[in-house]
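Visitor: I have not looked at this one before. Can you walk me through it?
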Amino acid sequence: MNDNDMDMEPVVYIVIGRVWKDEDTSPDAAITIHALLRAPDDDDAVRKTLEALSSQGFAEAELDQIGVIDGEPDEPIYEGAYQDALSGNVAIVTLSE
């Protein structure tokens, strides 16, 4: 059996950053986001995240980290987002301080 015969788990990325609704908003008014999505590579994950944020009305975004989620997250906040990502959607989780 070679690597091509193995069932591959879908790659789900997590992109962490900050967003603003208006370009003139102060840096202190940033909203922290975690985006979960499927993508073939890092570049596509970043592009899809920015497109999703723009479509939700965010004017500015700073993406700080990107990584791959290894299996379904244990944290309840990600439960629905992970399932949305597996379905092919970009799931945006907003975190308030």
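Guide: Start with the aromatic rings: this predicted model holds zero aromatic pairs.

Visitor: What sits over the ring of Phe58, then?
Guide: The charged end of Lys21 does, 4.4 Å from the centre of the Phe58 ring.

Visitor: Let's back up. How many helices and strands are there in the protein?
Guide: The protein has two helices and four strands. Along the sequence they come in the pattern β-β-α-β-α-β.

Visitor: Which residues of helix 2 are buried?
Guide: Helix 2 covers residues 79-86, and its buried residues are Ala81, Tyr82 and Ala85.

Visitor: Why do they line one face of the helix?
Guide: Viewed down the axis of helix 2, the buried residues fall within an arc of 100°, so they line one face. In general, an α-helix has 3.6 residues a turn, so residues three or four places apart point the same way.

Visitor: And what covers the buried residues of helix 2?
Guide: The cover includes strand 1 (12-20), strand 2 (31-38), strand 3 (60-69) and strand 4 (91-95).

Visitor: What follows helix 2?
Guide: Gly88 does, and the phi of Gly88 is positive, near 100°.

Visitor: Now the whole protein. How much of it counts as buried?
Guide: Of its 97 residues, 30%. The protein exposes about 6500 Å², with carbon and sulfur atoms supplying 43% of that.

Visitor: What size of box do the C-alpha atoms fill?
Guide: Roughly 55 × 25 × 20 Å, taken along the principal axes.

Visitor: And the contacts, how far apart in sequence?
Guide: Among contacts with a separation of 6 or more, 65% are between residues 24 or more positions apart.

Notes:
Residues are numbered from 1 along each chain as its sequence is written. This is a predicted model: local features need pLDDT of at least 70, side-chain atom pairs count only at pLDDT 80 or more; totals for chains, interfaces and linings use all residues. Side-chain values use heavy atoms; hydrogens and water are left out. Buried means under 20% relative accessible area, exposed over 50%, partly exposed in between (1.4 Å probe, protein chains only). The arc is that of the directions from the helix axis to the C-beta atoms. Contact means heavy atoms within 4.5 Å. Rings of Phe, Tyr and Trp (its six-membered ring) pair if their centres lie within 6.5 Å; planes under 30 degrees apart count as stacked, over 60 as edge-to-face and the rest as tilted. A charge sits over a ring if NZ of Lys or CZ of Arg is within 6 Å of the ring centre and within 35 degrees of the ring normal. Accessible areas come from the Shrake-Rupley method with a 1.4 Å probe; for residues, only the protein chains shown count as cover.
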